[in-house]
Amino acid sequence: MGLFKTARRDATAFAAGGSGPHISACSMLAMAAVLIFGAAAIAPVLGPQPAFAKGPDSLADLAADVSDAVVNISATQTMDEKRPGGAPQLEPGTPFDDLFEEFFRRRQQGQGGPDQPAPRAPRERKSNSLGSGFVVDPSGIIITNNHVIADANDVTVIFTDGQKLKAEVLGKDSKVDVAVLKVKPDKPLKAVKFGDSDKMRVGDWVIAVGNPFGLGGTVTAGIISALKRNIDSGPYDNYFQTDAAINKGNSGGPLFNMAGEVVGINTAILSPSGGSIGIGFSTPAATVTPVIDQLQKFGETRRGWLGVRIQNVDDTIAETLNLGAVRGALVAGTDDKGPAKAAGIEAGDVILKFDGVPIKESHDLPKIVASAPVGKDVEVVLLRQGKEITKTIKLGRLEDNEKQKAALTVKPGDDDKPPAANASVERALGMAFSGLSESARRKYSIKQSVAAGVIVTDVEPESGAAEKHIQPGDVIMEINQEPVKEPADVAKKVAKLKDDGKKSALLLVANGQGEMRFVALPFP
């Protein structure tokens, strides 16, 4: 269960004090009127109460109908201790490899001398985790969270009648935290169906069923407190927030609507202590069902891939790019082998629509792209230099290892002599800049993939650049989508922007590893 710390507020009881020993006759008559006619007097003030303001009369029938489909998951990970007797683990290739290997070999064989203890057999260390799950197919298909069974050697499913069955992991996905299990029952199992989570509204009643703290089947009730929560747990965060009590062990369990349909998978809580404080998070059914289908069919996910690095558009960036309002996803860079690069998408473009769907904020784009079929031709509407253009892109497939690139080594420079004349220092926007020389590359560990720009050598502590986390060693590559090659270029472009009446400058900044982002800096 994911835990996120927050401040804790303890409930405080308040008691009303008396007004004194003497009460007038008028006061006593007034009190009597309130006691006798209180309900009638107050009702007109409060007005009619909405239906179900205090919740449904009972959830017993719903709980009885779905509980047998909810299961407990016991996951065990077994690890061997390779060196008995507490032998140290050394990095391979050390000069003492042979010496230590011989010492511990003789010790295990009982040849270490008369005072040496008898050799011990290798021991196994086991770690257990308990979670929840639910049956979606009577033949034995069960859904749970990936983090419940991740790295487990043995997974056991425990049913409400006490039956225990070994489970096979058909597939799992860490990005939306879901796993698909398969058991082989003697008879068809009680199963539940997914509902339309897109129809859920804030205030709708829900119940959670699971295995909190290993206690077994437990039912809690509440409402949908918020939609589309981003808790920074992954690239596709889109959680329901609910006040239905969710605790450790509820992970992987279902969140039901009042029709007994699964509208979410209980995944995380916000808690200072590990117990429920009424803030739980469930992954909507609409997010997980496409992934579950792929895991059942292929044993793995097959997500669409655009090949762009994006960032949020804030007010300053929106003003600089003449967007009119904060919207879209700003492209900070493209993968050299990605579909976006081949289609002509460039750093500085703002993606406004993807396959006809408006992009309200950058976090929307990864979820929409990932759910699109691999190989599909999609239209992407973007803003470039103040004009909307449309590109057609054939989506690739997102692979987990595609971001792993060989580190580029810095080519040997001449020496560590001071920078030449083309690397003279200039100051602007609260920063100092120098040229991108080989000695500067070595000093700041800048890869050769950062081909051009000027290096930030100093940042004033109270400047806008410091507030936007620009630091020495970063490279300014563009200002307002125009390249800069020498330190003097920065001062010239800033001066021109001020003369043109601009209020800020949009910088394309790269770190030493080549990761780029846009930063909008207002003029002082």
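**Notebook: aromatic rings**

I began with Phe194, which is partly exposed at a relative accessible area of 25%. For my own reference, buried means under 20% relative accessible area, exposed over 50%, and partly exposed in between (1.4 Å probe, protein chains only). I am working with a predicted model, in which local features need pLDDT of at least 70, side-chain atom pairs count only at pLDDT 80 or more, and totals for chains, interfaces and linings use all residues. Residues are numbered from 1 along each chain as its sequence is written, and side-chain values use heavy atoms, with hydrogens and water left out.

Next I looked up ring pairs and found 2 aromatic pairs in the structure. Rings of Phe, Tyr and Trp (its six-membered ring) pair if their centres lie within 6.5 Å; planes under 30 degrees apart are stacked, over 60 edge-to-face, and the rest tilted.

Phe134 and Phe194 make an edge-to-face pair, 5.8 Å centre to centre with 75° between the planes. I traced Phe134 to strand 3 (residues 124–137) and Phe194 to the loop between strand 8 (178–182) and strand 9 (205–210), 60 residues apart. Strands (E, at least two residues) are DSSP runs, numbered from the N terminus. Phe134 is buried, at 0% relative accessibility.

Then I turned to Tyr239 and Phe281, also an edge-to-face pair: 6.2 Å centre to centre, 65° between the planes. Tyr239 is in strand 11 (residues 239–242) and Phe281 in strand 14 (residues 280–284), so this pair ties together parts 42 residues apart in sequence. Tyr239 is buried at 7%, and Phe281 is buried at 5%.

Key. Helices (H or I, at least four residues) and strands (E, at least two) are DSSP runs, numbered from the N terminus.
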